[in-house]
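Welcome! Have a look at the chains below, and then let us walk through a few of their features together.

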There are 4 protein chains.
Amino acid sequence: MEMKIYQHKVQYYETDMMGIVHHSNYIRWFEEARTDFLEQAGYSYKRFEDEGIISPVLEVNAKYKSMVRYGDTVNIEVHMTAFSGLKFTIEYLITDSVSGIICVQGSSQHCLLDKESKPIRLKKINPELYDLLVSLVEQCDS
Amino acid sequence: MEMKIYQHKVQYYETDMMGIVHHSNYIRWFEEARTDFLEQAGYSYKRFEDEGIISPVLEVNAKYKSMVRYGDTVNIEVHMTAFSGLKFTIEYLITDSVSGIICVQGSSQHCLLDKESKPIRLKKINPELYDLLVSLVEQCDS
Amino acid sequence: MEMKIYQHKVQYYETDMMGIVHHSNYIRWFEEARTDFLEQAGYSYKRFEDEGIISPVLEVNAKYKSMVRYGDTVNIEVHMTAFSGLKFTIEYLITDSVSGIICVQGSSQHCLLDKESKPIRLKKINPELYDLLVSLVEQCDS
Amino acid sequence: MEMKIYQHKVQYYETDMMGIVHHSNYIRWFEEARTDFLEQAGYSYKRFEDEGIISPVLEVNAKYKSMVRYGDTVNIEVHMTAFSGLKFTIEYLITDSVSGIICVQGSSQHCLLDKESKPIRLKKINPELYDLLVSLVEQCDS
């Protein structure tokens, strides 16, 4: 599956008094890119929730390599690097859309729960989504 | 009922590259002060929702009089100025906690809905809350 | 000048526990659409600031007509309705990109200051930008 | 030095449609607690910036252990666990203020720069702050 790289244009409200993007916003951009990735893969996160599956964040990490400023646009590459049936891991690479300089590297780990916050066996409950997540990891490995 | 004035200390993440608090954040501070006001009045907004009542915002207005910066603490005065049984209006006055200078004046208007987003007759469904809202407006008029 | 209507896709982090977009975010979307509008007009807000001009918000108003949810995309129409040489007013119309239903109507008023927060006479200091703002209002009237 | 534990009361605008606090907000709460910690230690972050020192975030990590909801108040413990003269590391423990249950564990790493974004030798430029940061780490070790 050929994925189009997600782009985000910096908004004024995302800057802070240091004159750069506030570091908390990259965590939100990870989410933007992650949901775009799932949508491109054919299974929007909205569909997750419509079908009673939520995927709360278990862990998030970000390494800030160079500052991003108002007026910049960034590319956000997304890779699903692991899926155990219960949890999945996504990695992000944010680069400047013009210079290609690395701005932020990060990852997030998620579990799969039902609406009562109980873990689900995706393979049983939703084999289509299970197979998709497996194939996304394989694609990343290849 | 004697109300304690709500205070908010400016956070770094609330500033923008102009070096001041981003104007969208005052709308959030209105909400902070409004929920504190209801809590002090004895009926927390959490209790609204626990009892199946939501109060979406119909309208919001803000006039920015002087800039607020990181390091500042503001006082937020709240007055319930109108309640029709279906809608209520709240006014806000944000002043610098040290100088007393007016920073922002604003208002918000809210309706009362059930979980299916249908208007409710508060007087019938929840006379306790109805009487409270009436008394809060009277208190403001006096 | 033909302007392309700005679109915003709702992000998960913009929702609240009511299941809808938190009302404060529309104020941020106004800013997104306003900066896109100025950029399309040939004078990006970044250029304002690079040339020492800031345009703080004096006033903002929003009327919430129908709820916007995760999964929705909205169109945001922008019109510059007034410019006095010292201040300008912008109006916004947010509609659902699919149904066309009106979601939010709003406006913001801005002044023009130099980096020391002093009002500037734009006509003298930057006649190009002055003429542009005048033409944007005329275009809106026609 | 006896430090008072920082408290944060969950705001409605911090929730998302999952009915819990959006995970990006904990990164902001880390900042709130960190600046409170420095202020209690006698050197506010505002004073850092007033004296020409900025401390951008190099890295941030968060592990989400249990969900936090509207109506909750959390305690945020802060420990400065490392300081090399050039960089420092802070760890955070967020617990429910009533039950004591662990909600989030995290850390952030920061460097020290001047206004031109160049690394500074704190020991030379500001020995008072240098000694303070050293003592905060020692206090944490003891």
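Is S117(A) buried, partly exposed or exposed?

## A loop residue in chains A and C

S117(A) counts as partly exposed, because its relative accessibility is 32% (buried means under 20% relative accessible area, exposed over 50%, and partly exposed in between, with a 1.4 Å probe and protein chains only). S117(A) sits in the loop between β5 (102–111) and α3 (122–125) of chain A; helices (H or I, at least four residues) and strands (E, at least two) are DSSP runs, numbered from the N terminus. Its phi is near 65 degrees, a positive value in a residue other than glycine.

Chain C has its own S117(C), in the loop between β5 (102–111) and α3 (122–125) of that chain. Here too phi is near 65 degrees, and S117(C) is partly exposed at 32% relative accessible area.

## How to read the model

This is a predicted model, in which local features need pLDDT of at least 70, side-chain atom pairs count only at pLDDT 80 or more, and totals for chains, interfaces and linings use all residues. Residues are numbered from 1 along each chain as its sequence is written, chains are lettered from A and ligands numbered from 1 in the order in which they are written, and side-chain values use heavy atoms, leaving out hydrogens and water.

## The helix α1(B)

Now turn to α1(B), where 15 of the 17 residues are buried. At 1.5 Å a residue, α1(B) should span 24 Å, and its end C-alpha atoms are 25 Å apart, which agrees (the expected span is 1.5 Å times one less than the number of residues). Just after α1(B) comes G42(B), with a positive phi of about 100 degrees.

## How the copies are related

Chain B can be laid on chain C by a turn of 180 degrees and a shift of 0.0 Å along the axis, with an RMSD of 0.0 Å (superposed by least squares on the C-alpha atoms of residues with pLDDT of at least 70 in both). The two copies are therefore related as by a two-fold rotation axis. In chain B, the C-alpha nearest this axis belongs to N61(B), 2.2 Å from it. Both copies use the same surface, as 100% of the contact residues of chain B recur in chain C (contact means heavy atoms within 4.5 Å).

Chain B can also be laid on chain D, with an RMSD of 0.0 Å, by a turn of 180 degrees and a shift of 0.0 Å along the axis. For this pair, 100% of the contact residues of chain B recur in chain D.
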